[in-house]
Amino acid sequence: MINLLRLISGRTASAPVARERLQILLAHERGLRGQPELLGLLRAEILAVVSRHVVLDPEKVVVRMERGKHVSTLEVDIEVPNGFERSRAVAV
Amino acid sequence: MAKVLVVTSGKGGVGKTTSTAALGAGLAQMGEKVVVVDFDVGLRNLDLVMGAERRVVFDLINVVQGVAKLSQALIRDKRLENLWLLPASQTRDKDALTDEGVGRIIADLRTKFDWILCDSPAGIERGATLAMRYADEAVIVTNPEVSSVRDSDRIIGMLDSKTVKAERGERVEKHILITRYDSGRAARGEMLSIDDILEILATPLLGIIPESQDVLRASNVGSPVTLNNAASAPARAYVDAVRRLMGETVTMMVPVERKGLMNRLLGRRAA
């Protein structure tokens, strides 16, 4: 019935396009929503683990998430001070 | 026990104020004691849609700041004796609302009413977050249109994280109210269908309000849709939604306009 109407009117239904666009967009946005908290949590825990062995400046720990089409990457960038070896020797 | 219900959407112009007035009046017609609260500070309109714009003396901000007592700011509806309005301020800005102040007023209203309907402003700023802050239930007004559905999804996320209930680990009971629905266009694939919207938002449906001239006609004269013309299609749809809010099981359907013979013959729409 709908197809027949479409044939007569020569127009394609736009609702399926709307639906598909929304589904893709919202899947992406829902993923982003919880992210700031997730990153904060990861940063805090990574910092805690590394700090057990190395004296760190908390400001120099950067956790970043990049979302790609197929895979996402989690980037952890920790700047370790030059006294690193010594502090580990003390810890061991 | 009193219920606090927020009428929200994210997007503007989808029918929050119309729906707040219609649901409030509908609940009052069922014998419930109802207050409708306008949270749209600076852009109040619920008073106008309710036909009480000339009776506003004190407002929500006055009560928050202790300038007026709650009883002085509440306006009783002229048609329904158990329906009340708490207007927003037109001259102040939204920063005059505080979380603590709103909490105090809501707690006070809970002792006096069965239903507290909070008409949220559009957007996701302070006014909108405070309107939903103390809600037990939420009606998310959605048009069958991509931008409205996207904003509803965002608001659902906020209801699940930024409300007092969510912070306590409880859930705000959420309902989708679809407004401005045109079943003809949906059948022709020109408009998102009810199933599409519900599948995307994954939230139960409270009602479907058809696109209708009666909505504009009711706001023109300052009367909630359910009071202005109870036989109209949108009024019947709102009454069904009210029954569902009250816990009744009502079959979901889209009421259709009853066109007069002459109108049908001439294909004309009564204005």
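Reader: Which side chains meet in a salt bridge at 2.9 Å?
Author: In this predicted model, the side chains of Glu199(B) and Arg19(A) do, at 2.9 Å, N to O. A salt bridge here is a side-chain nitrogen of Lys or Arg within 4 Å of a carboxyl oxygen of Asp or Glu.

Reader: How many salt bridges between chain A and chain B?
Author: The count is 4.

Reader: And residue pairs in polar contact across the interface, how many?
Author: The rule finds 8, with both residues at pLDDT 80 or more. A polar contact is a pair of N or O atoms within 3.5 Å; within protein, one must be able to donate a hydrogen and the other to accept it, and residues adjacent in sequence count only if both atoms are side-chain atoms.

Reader: Which elements of chain A give two or more residues to that side?
Author: Helix H1 (2-9) and helix H2 (15-33). H2(A) gives the largest share, 11 residues. Helices are DSSP runs of H or I, at least four residues; strands are runs of E, at least two; both are numbered from the N terminus.

Reader: What does Arg19(A) make a polar contact with at 2.4 Å?
Author: The side chain of Asp196(B), through its own side chain. Asp196(B) lies in helix H10 (residues 194-201) of chain B.

Reader: Is Asp196(B) buried or exposed?
Author: Asp196(B) is buried, because its relative accessible area is 10%. Buried means under 20%, exposed over 50%, partly exposed in between (1.4 Å probe, protein chains only).

Reader: What area is buried between chain A and chain B?
Author: About 1,400 Å², with carbon and sulfur atoms giving 54%. In chain A, Arg19(A), Leu22(A) and Arg33(A) lose the most, together 36% of what that side buries. Buried area is the accessible area (1.4 Å probe) that two parts lose on being put together, summed over both.

Reader: Switching to confidence. What are the scores?
Author: ipTM is 0.77 and pTM 0.80. Chain B has a mean pLDDT of 92, with 94% of its residues at 70 or more. pLDDT is the predictor's confidence in each residue, from 0 to 100.

Reader: What pattern does chain A follow along the sequence?
Author: α-α-α-β-β-α. That comes to 4 helices and 2 strands.

Technical notes. Residues numbered from 1 in each chain as written. Chains lettered and ligands numbered in written order. Heavy atoms only, no water.
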